[in-house]
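Welcome! Take a moment to look over the chain, and then we can walk through it together.

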Amino acid sequence: MDYSAFREGERDGWSKRAQVYGDATARATLQTIPKLLDHARLFPGAKVLDAGCGPGFVAASAKLLGADVEGIDFSEGMIEQAKDRFPDINFAVADVEDLPTQDETFDAVLSNIVLFHVTDPEKAMSEARRVLKLDGRFVFSQWLGPDRSECYRLLFEVLGRHADMSRADPAPNAYILSEEENVSEMMRSVGFTDIKSEIVENVLHAPGPSFFDFFMKFGVRVPLILERQEQDVRRAIQMEVDEVTAPYLSGGVYKLPMPSVVFSGRAA
């Protein structure tokens, strides 16, 4: 399957959202970082790659723990934001599926809600293994799917009732990495052992008045689907999304459960 159009849509979408990431997507992704770092078992001077760094929050957190950190992302807009926020860290435009790094360079490779957006997650895992030293750790996080996430359940139930999903560009299964068995098999196949997983009970705090309007800034996958729909379909989806999320609005803020899962493995 050719996912190149999806890939370019993701790259363009994240570059456009780079400036608002801190007050949109970060409202959920930041909650996963402490558990990501817990699994990483960093130590002073550890060489760390933040693979798919976005605006650099994981890299900055690892640096605070004494690590020697660098970050890469395929979005130029995100790299610009990372450099502006954290000028003392080396950030560069690069691809997690084709890392521009020599073998056995890092003690840890960290990816926070990144493989959700790539065309070949197993290749990204293989690249992480290649650049890790023996016994180095690869840690990544992923959203749980609609079967275990209240936020995604509500959204995709509405989309399923209204949207013509065939209009969207072909894309990888967004939630294949939400299942522990799938991930364990993939990680073992590329050379990881001691594989562990842990759920993080994130709660997305989204400002009102419209959850739909907020979520159009939060991610890229859903907007990529909606932009291909007829105008009346988009309006119907907007109205129903705001209707089904209304019970979660209190004091001008929506509070929707949006759990993630953290996976880690050791380079064997």
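Is Arg266 buried, partly exposed or exposed? This is a predicted model, and in it Arg266 has a relative accessibility of 24%. Buried would mean under 20% and exposed over 50%, so Arg266 counts as partly exposed.

**Salt bridges**

The whole structure holds 21 salt bridges. Another of them joins Glu198 and Lys35, with 3.0 Å between the closest N and O atoms. Because Glu198 belongs to strand S6 (residues 192-200) and Lys35 to helix H3, this pair ties together parts that are 163 residues apart in sequence. Asp164 and Arg167 also meet through their side chains, at 3.5 Å from N to O.

| Residue | Relative accessibility | Class |
|---|---|---|
| Glu198 | 30% | partly exposed |
| Lys35 | 24% | partly exposed |
| Asp164 | 33% | partly exposed |
| Arg167 | 33% | partly exposed |

**The nonpolar core**

Now let us turn to the inside. Which residues touch the most other members of the largest nonpolar core? They are Leu42, Val48, Ala62, Phe91 and Leu110, out of 32 residues in that core. Two or more residues each come from helix H3 (33-40), helix H4 (57-64), helix H5 (76-85) and strand S4 (106-111). H4 gives the most, with 5 residues.

After H4 comes Gly66, which has a positive phi, near 100°.

**A charged patch on the surface**

Finally, let us go back to the outside. Asp120, Glu122, Glu181 and Glu185 form a negative surface patch. One of them, Glu181, is found in helix H8 (residues 180-189). With a relative accessibility of 64%, Glu181 counts as exposed, since the cut-off for exposed is over 50%.

Definitions and conventions. Residues are numbered from 1 along each chain as its sequence is written. This is a predicted model: local features need pLDDT of at least 70, side-chain atom pairs count only at pLDDT 80 or more; totals for chains, interfaces and linings use all residues. Side-chain values use heavy atoms; hydrogens and water are left out. Patches are made of residues with over 30% relative accessible area and no salt bridge: like charges are joined within 9 Å, nonpolar side chains (Val, Leu, Ile, Met, Phe, Trp, Tyr) within 5 Å. Accessible areas come from the Shrake-Rupley method with a 1.4 Å probe; for residues, only the protein chains shown count as cover. A salt bridge is a side-chain nitrogen of Lys or Arg within 4 Å of a carboxyl oxygen of Asp or Glu. Lys and Arg count as positive and Asp and Glu as negative; His and the chain ends are not counted. The place of a charge is taken as NZ of Lys, CZ of Arg, CG of Asp or CD of Glu. Helices (H or I, at least four residues) and strands (E, at least two) are DSSP runs, numbered from the N terminus. Buried means under 20% relative accessible area, exposed over 50%, partly exposed in between (1.4 Å probe, protein chains only). A nonpolar core is a set of buried Ala, Val, Leu, Ile, Met, Phe, Trp, Tyr and Cys residues joined through side-chain atoms within 4.5 Å.
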